[in-house]
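Visitor: I am new to this structure. Please show me how to read its features, one at a time.

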Amino acid sequence: MIRSFLGGRLLVVIVCVQLAFAAGIAAALGSGLLTMVSSVSGVILISFAGSLIVLAFLVAVKGIRAHHTERSRARNAYDLIETVAHTSQEWLWEVDQDGVFLFSSRASKALLGYEPSELIGRPCRMVIDLDELASARQSVAATMDPSGARWNGVVVICRHRNGAPVWMEVDGRARPSGTGFAGTSRAVPAHSARALLKERITDRVEATLRGRVILTAFQPIYELAGGTIIGVEALARFPSEDGKGPEHWFNEASTVGLGGELEFAALESALEAAGRLPSRLYVALNLSPETCLDPRLPGFLEKSALADDRIVLELTENLAVDEYAPLMAALAPLRRRGLRIAVDDAGSGFASMRHILQLRPDIVKLDRTLIAGIDNDQAQQALGKAMVEFARQIGATIVAEGIETRDELASVTRLGMNAGQGYFLGRPTIRPAEWETWGNLPRSGSDETADAR
């Protein structure tokens with residue numbers, strides 16, 4: 001368009017020159033050289049000048065028409081681009097070298113919940129987590145064409161305004177200026193997203209299993225009447241940049257059929273780390289009912305350096321048990337060897353009383369939701385007292401979980417609960433040097449609830 005415009009200006013200049021040339025001839029003729037008009041050379045000169053003027057005029061007209069045609073074509077192309085940007089279900093976007101949005105089509109509203117105006121001028125981390133962005137950059141680098149300017153089919157997980165994950169397939173290229181990128185993104189069909197998610201989870205869990213990078217944190221459990229430490233609970237810790245906890249890891253692993261493998265890996269880590277604990281302490285190990293039914297479990301525990309009477313298997317209460325008979329049959333030989341059974345998080349899930357009645361555990365661990373604020377709630381105190389009596393009737397001991405204030409500690413002790421654990425008594429730690437500092441039950445400290453659980 002610019003070239004056509006400059007060409008039109010040049011033609012105008014040529015026309016002006018020709019007119020000036022003709023005017024000069026006319027002036028010369030009018031100054032007394034009229035005799036030239038009758039001469040053949042004069043006629044030829046005038047005719048030649050006139051022809052040049054007409055030719056220049058025609059060229060100028062043609063150039064102006066071409067200029068208008070190109071402008072019209074450019075306008076049509078721009079309108080077409082605008083139509084695509086506003087109506088396409090694919091999201092068109094552009095970012096600078098710092099990842100700040102320079103452009104966003106209207107599809108961002110349907111796909112991510114953001115209007116284009118809300119994204120332009122804002123960093124792309126609004127719609128994609130930093131760890132996912134780093135992973136996407138690695139995928140882009142791996143799929144770049146030989147020129148290093150384009151890529152196709154990179155799958156990323158973006159984040160909807162409401163926090164939900166949005167799987168997208170992205171094509172893009174480097175901006176002509178060499179700074180930043182532009183591209184298009186489209187939603188991945190639900191069935192494809194499920195398959196991709198399963199693949200990612202499988203890869204992550206298998207990498208964790210291969211690398212044996214699971215750590216174990218121990219949290220102390222105190223006998224409340226005497227104030228001495230009697231055991232610890234083993235808690236798995238996974239390397240994670242996204243801040244997701246162990247429960248998330250185990251849930252994801254279960255969705256791809258690797259829940260048992262991950263539990264066994266965490267169990268191996270816990271048993272190995274437990275060798276550094278004082279021999280007077282028992283070790284509570286969290287296991288799902290499914291893993292308790294795994295025929296590998298008895299042999300796995302036999303290889304442990306821990307004495308059988310120091311091992312407590314905590315069955316997560318909020319997991320369903322379809323048939324109790326097989327589970328009880330699997331646990332019976334372990335209990336005969338001296339292993340004890342605990343029901344974890346009692347009261348937090350479904351059918352908790354039936355769970356306890358069927359399993360007849362040695363230890364009943366009351367969930368934090370039953371302990372929080374018990375010092376100020378008479379109904380919770382009545383329930384706690386009833387659980388103490390119930391446990392006494394079935395020959396079990398009560399452990400109050402999640403004690404986080406001095407007043408909560410005083411209340412559960414007054415109600416006759418046997419043992420307790422929580423941030424007020426001791427936080428989970430992976431450091432052996434801190435395990436050695438655990439002493440008698442703390443009787444003073446902050447009344448404030450811990451920031452995290």
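This is a predicted model: local features need pLDDT of at least 70, side-chain atom pairs count only at pLDDT 80 or more; totals for chains, interfaces and linings use all residues.

Visitor: How many helices and strands are in the chain?

Guide: Helices (H or I, at least four residues) and strands (E, at least two) are DSSP runs, numbered from the N terminus. The chain has 16 helices and 13 strands.

Visitor: What share of the residues counts as buried?

Guide: Buried means under 20% relative accessible area, exposed over 50%, and partly exposed in between, with a 1.4 Å probe and protein chains only. Of the 453 residues, 40% count as buried.

Visitor: What do contacts say about the chain as a whole?

Guide: A contact means heavy atoms within 4.5 Å. Take contacts between residues at least 6 apart in sequence: 60% of them join residues at least 24 apart.

Visitor: How many disulfides are there?

Guide: A disulfide is a covalent bond between the sulfur atoms of two cysteines. Here the rule is a pair of cysteine sulfur atoms within 2.5 Å. The count is 0. Take Cys158: its nearest cysteine sulfur belongs to Cys124, 9.1 Å away. Cys158 counts as buried because its relative accessibility is 7%. Cys292 is buried too, at 3%.

Visitor: Which side chains does Ser104 meet through polar contacts?

Guide: A polar contact is a pair of N or O atoms within 3.5 Å; within protein, one must be able to donate a hydrogen and the other to accept it, and residues adjacent in sequence count only if both atoms are side-chain atoms. The side chain of Ser104 pairs with that of Trp91 at 2.9 Å. It also pairs with the side chain of Ser108, at 3.3 Å. Ser104 sits in strand S2, residues 101-104. It is buried, at 5% relative accessible area. Beyond four places in sequence, Ser104 touches Trp91, Leu92, Trp93, Pro116, Leu119 and Ile120.

Visitor: Where is Asp171, and what lies 2.7 Å from its side chain?

Guide: Asp171 is in strand S4, residues 165-174. A polar atom of its side chain lies 2.7 Å from the backbone nitrogen of Gly153. Contacts of Asp171 beyond four places in sequence include Trp93, Trp151, Asn152 and Arg186.

Visitor: How do helices H6 and H7 cross?

Guide: Axes are lines fitted to C-alpha atoms, for helices over the stretch in contact, and angles run from 0 to 180 degrees between N-to-C directions. H6 (residues 190-211) and H7 (residues 246-255) have axes that come within 9 Å and cross at roughly 115°. From H6, Ile201, Arg204, Val205 and Thr208 meet Trp249, Glu252, Ala253 and Thr255 of H7.

Visitor: Where does Ala265 sit, and what is it in contact with?

Guide: Ala265 belongs to helix H8, residues 259-274. It is buried, at 18%. Beyond four places in sequence, Ala265 contacts Leu209 and Ile214. The C-alpha atoms of Ala265 and Val213 are 9.4 Å apart, across 52 residues of chain.

Terms used:
Residues are numbered from 1 along each chain as its sequence is written. Side-chain values use heavy atoms; hydrogens and water are left out.
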